[in-house]
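I list what I looked up, entry by entry.

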Amino acid sequence: MTMRLRIAMDGEELTAQQTALYDRQIRVWGVDAQKRLSKANVLVSGLNGTLAEFCKNIVLAGVGSLTLMDDRLVNEDAIHANFLITPEEAKHSGSSLAEVYCNALKEFNPMVHVSVEKGDLHQFAGVFLDKFDVVVISCCSLKDKIAINNKCRERQKRISFYTVECRDSCGEIFVDLQSYASAKKKSDGTEECQLEYSSLEEAISSSWRHLPSKTTKTYFAMRVLEHFESLQNRKPCQFSVSDLPHVLEIRKNLCEAQGLNEFHIPDILLNRLVAAGAREHPPVCAILGGILGQEVIKAISGKGEPIKNFFYFNAADGKGIIEDIPPASVY
Amino acid sequence: MAPGSDMEAVKRAKVLMVGAGGIGCELLKTLALSGFEDIHIIDMDTIEVSNLNRQFLFRQCHVGQSKAKVARDAVLKFRPHINIKPYHANVKNPEFNIEFFKQFSVVVNGLDNLDARRHVNRLCLAAEVPLIESGTTGFLGQVTVHVKGKTECYECQGKPTPKTYPVCTITNTPSKFVHCVVWAKDLLFAKLFGDRSQENDLNVQSSDSVDASKNTEDVFERNPDEDLENYGQRIYDHVFGYNIELALSNEETWRQREKPRPIYINDVLPEKSFQKNGYLENSIDVNMAISAMPALGLKSPQDIWSLAENTKVFLEALSLFIKKRVKDIGNLMFDKDDQLAVEFVTAAANIRASSFGIPMHSLFETKGIAGNIVHAVATTNAIIAGLIVIEAIKVLQGDFNNYRMTYCLEFPKRKMLLMPIEPFEANKSCYVCSETPLILEINTRTSKLRDFVEKIVRNKLGMNLPLIMHGANLIFEDGDDIEEDVASNYARNLDKVLAELPSPVTSGTVLTVEDLQQELTCNIIIKHREEFNEEKEPDGMVLSGWTERANDKQSSNGESTSSVLTNGPYVASGKPLVSGTKRKLSEMEEASDNSCNPSSKSNSADRENPQQVDDNDVLDDLVILEVPPEVPKKKKVKCFVTLRKAFTYLMSALQVKRWSHFSVYLL
């Protein structure tokens, strides 16, 4: 089967091959959305189990191209929550994660152009981002995430930006679509509305005391861990159980400063997250990768109501919740 | 609930996965990654191209091969040391009996039809193995947990059986496009290309012409030396012209309805010479599937053709069947992947629709309806698979207080896209998991045993190999090992009306129906009734006796079925089952992470859905009522009470009997 790089132009029909392959999903989102997907370029930086799921989803959906960035070498830890890497590759290949993912993902849909970009994304100039419609980040320090997000926002072109983290059986997705026209579903039809998203920097500096008290605990827990990582200058998700006392102290300080009662960030939750480190629970990778996949497909196709602006899943209670965290500047 | 703890239970577990398709591929992958080491898979299907957009364990080169086997090979690549045993077989086969099911610690379903689901449910109940059910359609999905003795079974809440249409609606008075599709597929297509010996309701009877049928039987036969063009036009004029005229002659039918208009070839295509021989030869590439569209310059399956174009497709497709696929004629069944068949059915349905003033549809849409295609994407399946495995782990760890039914929504409800609900207790009147007699209203003088077996025992009750007893008399049995003379006795019985069976079945008779494989026994009390409403009770019989739960009639599991007169994917409304009459009162908020949660409650969130007051979730939240700050500190009292109790109190205090909207101001 020959690999075909398909650059669909406006008005050009999908090929017979695409129509046959995508039949079932075209019945969900329509031909126009499928055409738009086939023109979209996605960049993913920082590869783990959750992103393996995400990449699988968007490759199957038929995006135009997927560019992978992660120079870390494959090792035996990598196969834990990952169906793209064989044990052989994990031991012997000497390849980077991006290379291994690339080879596996190409097979899922020969119509998608999958490639590797070497280097650290946060060191690239903003112009590099213009090649992409969507940027997805994980396994990255908060500082770098913010830098990349800001670069995306500075571009002329609107670039959709996402981060995702999965720790143990808990996860967080952040969405920044900047300024986005959405059709919101109402009981009597749909209504056009303009959604204004905050940047990552703004969304995580929101004042805790002003947030609704039912805000998901995971939001706060993640912020505590981010603080810890920054203060300790740790690589992302590098925790161990011995860090717990220090993490709890940071929680205490933050809560005091922010005027939030500590019970909003329970010990049990922090314990779980710290003990897990970078370890992802595979069913949660599937859930987060699925939700993220749907979000990216929505943003590219312009169909459906996108999440604004955080999504949380916690297997402890089984809820998948959207939180709309306003920017700090609101107050 | 830390996944690291007690993963021993997972390692030791033996899991049965039924279905290796959309959900199955995602599920097998996630089970393997989550530490399961002994997985058995049952799936009877082979791989098709349209699967590849989501069943990611399969490749183009696997088309035609067994799903169960290919799935297993693909997963072993990244988990070479686990045990996966594939069965390329139908789960309803006798080899998958109670003993077989008993070997498993949990059964997880990734099925796409109600019939198989019910069958598995019964086997799991009989074998006392927990079952985790699931389903997806587009962006919607759900996962439900069924553990005998702890939760309801899969059938405690009635599931809609595949929709059937009254014969008269299909043959005489279609009002929706789906009726035209059913006519085109199950009547016209079947008549022209299918088994000729099958009874067919295609010919409209005018009120009293009995002998008309004798002549019209010959209409569909083509004389060996008849011109193809002539034959095509003759059929066309007969079904779209003559039959309509015949129907119109029955004035009564059309008193309250819009009359259809007869359509004749000459009206639509005045130039007869559109079909030249050369046309047909040029357009067919021997390597391509035979198709009418290219010859007619019709490129896109998304286009809605004009009446003239539909007519041309009709005639062209008919010609092509006769010219190129003459071997198929006489035993062809409609297959959604048969391009020519889909073209023919689309054209026929559209012409009929046009006649009845119903909007026409594209080939793409018609194919979906005729083929009962379930629209599907990879992401929903992946999410559901993740949720299934989370529940499976809870089941294996005996974490029964935390079992959840989880709904994956397209639009958030109270900020949730994934909504967990506690499982319901078993329905005490469920005929499957508790033994309640049912009541069947039927005309015992005109209904045959065959009707009872097909419509009730197989369709409604979902039995596979039934046994029917009247007292000590075995009046019918199904199976492979029945002796010839006994079998012919049963065959005779099938053709008898109930009241005339050797042991007559009349009002008050109790029939016992059993399926030994499913270990299911039902007692049915027969009540004779003379008349049935053809529109509302198209089966001519009504089964009742179990208490349906509220809101459950809309549930659907994204199923496609193979019943003859069926509905399509649009029957799936996917409304979550938020019924709460037997709910357990519980604390939903992150139970294991925290013990109490202050909340200020307002009900504005519920206003977006004025029709669906899912008050039960709201009412079960804990509310803290605080005395206002001006009261001196030592007199402050915190009162923990559920909102439900608060409203019950209010309602009685205010003597309010019913409420649908309410506003609460908490100070």
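Entry 1, a salt bridge in chain A. I looked up Lys118(A) and found its side chain in a salt bridge with that of Glu99(A), at 3D separation of 2.9 Å from N to O. This is a predicted model. Lys118(A) sits in the loop between β3 (113-116) and β4 (134-137) of chain A, while Glu99(A) belongs to helix α6 (residues 97-106) of chain A. The two are 19 residues apart, and the pair links distant parts of the chain. Is Lys118(A) buried or exposed? Lys118(A) is exposed, because its relative accessible area is 53%, and a residue over 50% counts as exposed. Glu99(A) has 27%, so I noted it as partly exposed.

Next I checked Arg272(A), which meets Asp168(A) in a salt bridge of 3.0 Å, N to O. Arg272(A) lies in helix α11 of chain A and Asp168(A) in the loop between β5 (160-167) and β6 (170-176), so this pair ties together parts that are 104 residues apart in sequence. I found both Arg272(A) and Asp168(A) to be buried.

Arg118(B) is part of helix α5 (residues 114-127) of chain B, and Glu155(B) is in the loop between β6 (140-146) and α6 (167-171) of chain B. They are 37 residues apart, and I noted this as another link between distant parts of the chain. Arg118(B) and Glu155(B) are both buried. Over all chains, the count comes to 42 salt bridges. As a reminder to myself, side chains of opposite charge can pair when their charged atoms come close.

How many residues does each chain bring to the contact? I read 62 residues from chain A and 63 residues from chain B. The area buried between chain A and chain B is about 5,700 Å², and carbon and sulfur atoms give 63% of this area. On the side of chain A, Arg24(A), Arg27(A) and Lys214(A) lose the most area to chain B, together 14% of what that side buries.

I then looked for contacts between side chains and residues across this interface. There are 4 salt bridges across the interface of chain A and chain B. One salt bridge I looked up joins the side chains of Glu323(A) and Lys415(B), at 3.0 Å from N to O. I also noted 15 residue pairs in polar contact across the interface. Among the elements that give two or more residues to the side of chain A are α1 (16-21), α2 (23-29), α4 (49-61) and β10 (319-323). The largest share on that side, 9 residues, comes from α12(A). By type, the residues on the side of chain A divide into 31 nonpolar, 16 polar and 15 charged.

A network of salt bridges links Glu53(A), Lys56(A), Glu26(B) and Lys29(B). I also found strands pairing between the chains: β10(A) and strand β8 (residues 416-421) of chain B run antiparallel over 2 bridges. Gly320(A) has Leu418(B) as its bridge partner in β8(B).

Entry 5, a helix in chain A. In helix α3 (residues 31-39) of chain A, the buried residues I listed include Val31(A), Ala33(A) and Leu37(A). The buried residues of α3(A) pack against α1, α2, α4 and α12 of chain A.

Entry 6, strands in chain B. I found β9(B) paired in the parallel sense with strand β13 (residues 520-528) of chain B, over 5 bridges. The bridge partner of Glu441(B) in β13(B) is Lys527(B). Strand β12 (residues 510-515) of chain B runs antiparallel to β13(B), and 6 bridges join them. In that pairing, Val513(B) stands opposite Cys522(B). The hairpin of β12(B) and β13(B) has 4 residues between the strands, and Glu519(B) takes a positive phi near 55° there.

Where is Thr444(B)? I located Thr444(B) in the loop between β9 (438-442) and α17 (449-460) of chain B. Thr444(B) counts as buried because its relative accessibility is 2%. The residues it touches include Val497(B), Leu498(B), Ile526(B) and His528(B). The side chains of Thr444(B) and His528(B) are joined by a polar contact of 2.9 Å.

Notes
Residues numbered from 1 in each chain as written. Chains lettered and ligands numbered in written order. Predicted model: local features only at pLDDT ≥ 70, side-chain atom pairs only at ≥ 80, totals over all residues. Heavy atoms only, no water. Buried < 20%, exposed > 50% of the residue type's maximum accessible area, 1.4 Å probe, protein only. Contact = heavy atoms within 4.5 Å. Polar contact = N/O pair within 3.5 Å; in protein donor to acceptor, adjacent residues only side chain to side chain. Buried area = accessible area lost by both parts, 1.4 Å probe. Nonpolar A, V, L, I, M, F, W, Y, C, P; charged D, E, K, R; others polar. Pairing = 2+ DSSP bridges. Lists of a residue's contacts leave out its neighbours within four places in sequence.
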